[in-house]
Each structure stands twice: as structure tokens, then as C-alpha cells.
Amino acid sequence: MEQFFPAADPILIFAILLLIALLAPILSQKLKLPGVIGLIIAGVILGPHGINLLEREREVELLGNIGLLYLMFLAGIELDLIQFIKHRRHSLVFGGLTFAIPLVLGTLMGYFILSLNLPAAILLASMFSSHTLLTYPIASRLGLARQRVVTTTVGGTLITDTAALFVLAVIAATHEGAHGLTVWIRLLVYSSLYISAVFFILPKIGRWFFRNLATDGVIAFTGVLAAAFACAFTAGFAGLEPIIGAFLAGIMLNTLIPENSTLMNRIQFVGHSLFIPFFLISVGMLLNIGLLFVPGETALISVSMVFAGIVTKWMAAYSSRKLLSYSKSEGMLIFGLSVNQAAATLAAVLIGYNLGIFTEPILTGTVVMILVTSILGSWLTDRYARQVALAEEAKPYNPSDAPQRILIPLSNPATAKELINIAILIRQNGSGEPLYPLAIVQAGEGTDERIAEAEKVLAQTVVRAAAADIPIMPATRAATDPVSGILQFANDIRISTIIMGWKARNVSHVRTFGGILDPVISSSRQLVLVYNFFLPINTMKRIILAVPPLAERQGGIEAVLQTVKTLAHQLKVSLVTVSVPETCQRIRGMTESILPKIQEKEVEISNWNDLMPWLKDTVSPKNDLLVLLTARKGRLAWQPNLSR
């Protein structure tokens, strides 16, 4: 066996890592422990300080670094930007506290208890200030990535890690003889230029990429990852750590990747199944438990560092909870997410050790602190994330508990992809209902051949929905005419929403949408969405909803508002509602109680006839998704100018 282990062959190393990523979470589940703990402990046991099955050499270190960058990119891309902007004060409060409290108390401990000089004590304290979102995947898998407490923690992480890495850069430069003020100015200028470049350039490139090049899922996935790692690499030129660049890339591409899209599903799948487990295993391989039992100051330093790291992060989380009026479970979830030490901590201690600022006992104490905080953070996050998730589920649901069942009649293969995408986006999170793509064929001679052709179209929708991990039930129906087939199926399955495509051809002066759409709308009772294809919907920057007068008194208005809000939430854009003053006021009162919460704005027009001039002056075809709400003809809120 000695000729094979520690493994040196890259294929064998990769195979072992895959087996650990497979078995460690399964065993952890059997022991009722979070999978994160199992992966870290597996790294400890199988690593160079355990049975030495694997060494933390080039291959493992590369995969671990990729996993860390992937984790930060995923945190940025899953961040609910609307909630982040809405609760930015929360992130600033928590980020400030979780940086300042550990920095002050850690400096005092290092200077007076561990007898370090002032620069070394400050650098040691900056390690307590930073933290790694090691247990973020636990909250993400429980559907809490967009919950306000997780958004607050992620935003605070960006603030405290950036500040801690700035302290590291200044201390390192000062130790090498550079003037402190010069270092600060250079860092501020370079980092400001870098962040500005990412902020302005990456979204424009991403929007152009999705509109012109991302013709299939493989190209879209590859392009997104290329952008993330390019930003991570170029961050070094500004004096920032790659994790900051990866996180910024995720934020900048955030609005272009809807939460329920196929692309998001692929990004999450690759991260959670491969790269993030590799990172957790590599963290475990750093830990050398044996040094704790060697006589000397190592044990005292390790205990002091573990105590300071845990207590200061608890104080920051507790203070944030009190100041921001969070529940006990939310406060402990912040603590569980922020107590973990890994990436920035390792960067600081390794640089400090290489420069001679830190001694080997501090290096060992750091590794012990990483192990203890990782285990504690995993347990706390798993426990309190479940409590927060249960509390979210227990909240009253508005406006209705009726199941959302979406029907997508299909006839043209060219439009099937976009219609399925729309259905996926408006599908409510946590819904157990499948999508219902439907193909109607003409009954009579040759029906079997027409059904076979229709099934080819439906096969594409099955692949599309399966890639997004959405259940789907395709169906074909033979009918004398498409309208009766669609209506009969909708009634049989108790459909709540029908989505249909429209080519916007003016074929008749007496019809609005055409010979199939108009009869379906007039004869159905469901909410009907008619979609005209211009540009990829994920490249839109906002949704403009035109609501006619008295629509608030029309039956089904709650379902409409919830559908539009869900779409805005998935696209991560703001919603602008346009109507007369009375309707705007009533709609505002209704939307406040309808989930999900998004960034909303009302625009009041004095007269409904002013709508079209306002739209022509305001709407940008390249950036705005225009939603015209209309009632069926003869109903209270029907407006003939909308049909025209």
C-alpha cells in the first residue's frame, strides 16, 4: 500500500476526493451531524496529519481554492439584492460590529495576555474579525439564501472580510518598511478603481453575452464561471483577495441569473456536489490535532484563540440581534454563519508566519480555531436555520392556499423554450405542483403522426424543466380545434394559470391576439399570460405593470399581483406600477400583504388616457419588461384602449 499512499496520481487523488464527498455526508447524516462537519473531519483523518492517505499538495490545494472561490461566487449570485438594498443598514450594522468587537478585544488579548507586540496583536485580532461562509450551504439548501438574516450576514461578511484583509495588507507592508499612510492610500485607490470597473463593465458584458452568445446552457454556464474566476484573479492587482473578486462577480451577475432558472440549478449543483466539498476537505487536511498535546505554550495560545474567536463573534451577533430586533433563532443563525474561521484567517496567519510576525504556536492555534469554529458553526447553523425555516413556513400565506397549476399550450418549437422559462420563473418556491406543457393536435385522419410530432416538441420541454429540477407532466390531446382542447384540459386539471406565446401580428381589426388566443381568453376563467418575445427575459432591468382603473375590485387581482411580484423576485428587478391615483393607493395596500417582498414603486397618472404617451416616453424596449393588465371584455376593469 505504501507505493500508492499518500496518493500522488492525480486521477487517484480525484477519485478519493469524490468518494469522501459521497460518503462523508451520508455518515454524518447517520450520526445526525451536518454534512459540513463530516467533510472537515474526513479531511483531518485522511490528511497528512491523520493516516496520510492524501497530502495537501498542488492538486488538492488547487481544488480547495477553486471551491472557496466558488463558495463566495455562489453567495454573491444567490444574494437577494433587493432585500440587501432594503436592509443595507442591517448589513452595515452587523459588518461594523463583527469587525470592530473582535478587533478591539482581540488586540487587547494579544497584547496583554499573549505578550505580542502591537502590530502582531492587531494582525491576530483581524483574524478574529474575518470569517468564512463555511456553513452557508446549509442555509442555502433550506431555502434561506434570500431570507433577511442570511442576507444581512452575507453583506456583513463582505464588509468585515474586506476590512480585515485591508488590515493584513497594511501590517504586512509596514513590516516590510513601507509607510502606513502610503499603503492605505494606494489600497484605497486601487481597490476603488477595481470595484468601479467590475461594477460598470461586468453587467454590460453579461447582458450582451446573454443576448447574443448564450444560445445554450453549456455556453451560459461556461461564460458565467469564466467571468467569476477572471474577477477573482484580477482582484489581486488591486491588492484585494480573490474571494472578494469572486463575491463581487456573483453580485454583478446576480440579476442576470434567475433563482429558479436552469442555469442557477447547474451552478448550484456543480458547487454543492464537487467544488465546495473539496474546499471543506482541504480545510480539514490543514488541521494537526497532535500539536495540542505537545508541552509548551501551544495549548495556551490555542485555547485563548478559540475562546476569543467564539466569544467576540457571539458578542457581535448578540449585539446585532438586539439592535436590529431579530428573534433569538435569527440571532443564533447569524452567530452560526459568522463564527467559522477559514479563508481570510488562513491568509492572514500564513502571511504573518512567513514574514516572521507570528510564531509556530500561533499557526497551530489558528488551525485548531478553524476546526473548533467550523464544527460549532456547522451545528449552530444546522439547528437554527431549521428553526428559522420552520418559522417562515408557519407565516400566514396570502392571498390564497389554492394550488398553483400552470398550463403551457405549445405548438411552435421555437417558442417552447421561452414559454417554459416563464413558467419556471412564475412558479412559486416550494410548490409541489408540476408544470403542464400541452400539445393539441387536429383529430381525424393522420392523428397518430401529428401526435408523434407534437411529442417531439414536448420532449424539449421535459429536458428544460428537468435541468431546472422542476417536475413536469407533458400531455397531448386530439381535438377538433385547439381552443376546445386547451379549455377542456384546463378544466380537467383545475389549472390556475395559462401561459401562451404571441407573435404580435395584426391579423384582424376585431381581434386582439388572434383566432386562438382571443377565444381562450374570453372562454376561460384562469389567469392568462400572453407573452411576446423580444429579448431574453433575464436581461431586463425592471418590470412596468400598467393597472387599469377599478382593477383592484376585479376578481383575481391578488393572483395577478402575486404572479408579477414572483416574476420580479426571480429576475431580481424592481416593479413599477402605473395607474390613476385611486387605483395606485388601493393596489399599494394589497401588495404589502402579498409575498414575496420586492422593491416596488408607484407612478400616478392623472388620466388613464395618458398611459400610452407615458409608456412611449418612459419604457425602454431593451431594459423594461412591460406588463399590461386587462380584464376580459365587459368586465368592470376592461379598457378598450389596452386592446387597441
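I started with the helix pair: α6 passes α13 in a right-handed crossing. I'm working from a predicted model here.

The axes of α6 (residues 118-129) and α13 (residues 298-324) come within 9 Å and cross at roughly 50°. That makes α6 oblique to α13. For the contact itself, I listed Leu124, Met127, Phe128 and Ser129 on the α6 side, and Met305, Ala308, Gly309, Thr312 and Lys313 on the α13 side. Sorted by type, the residues of this contact come out as 5 nonpolar, 3 polar and 1 charged.

Then I moved on to α18, residues 447-467.

Which residues of α18 are buried? I noted Thr447, Ala454, Val457, Leu458, Thr461, Ala465 and Ala467. Their cover includes helices α12 (262-285) and α17 (413-426), along with strands β1 (406-410), β2 (435-442) and β3 (475-479). Just after α18, I also marked Asp469, which takes a positive phi of about 60°.

Last entry: Thr497, which I found in strand β4 (residues 497-502). Is Thr497 buried or exposed? Its relative accessible area is 4%, so I put Thr497 down as buried, the cut-off being under 20%. Leaving out residues up to four places away in sequence, Thr497 touches Arg405, Ile406, Leu407, Ile426, Gln526, Leu527 and Leu529.

Definitions and conventions:
Residues numbered from 1 in each chain as written. Predicted model: local features only at pLDDT ≥ 70, side-chain atom pairs only at ≥ 80, totals over all residues. Heavy atoms only, no water. Helix = DSSP H or I, 4+ residues; strand = E, 2+ residues; numbered from the N terminus. Buried < 20%, exposed > 50% of the residue type's maximum accessible area, 1.4 Å probe, protein only. Contact = heavy atoms within 4.5 Å. Axes fitted to C-alpha atoms, helices over the stretch in contact; angles between N-to-C directions. Parallel < 35°, antiparallel > 145°, perpendicular 65-115°, else oblique. Left-handed = near helix turned anticlockwise from the far one by under 90°. Nonpolar A, V, L, I, M, F, W, Y, C, P; charged D, E, K, R; others polar. Expected span 1.5 Å × (residues − 1).
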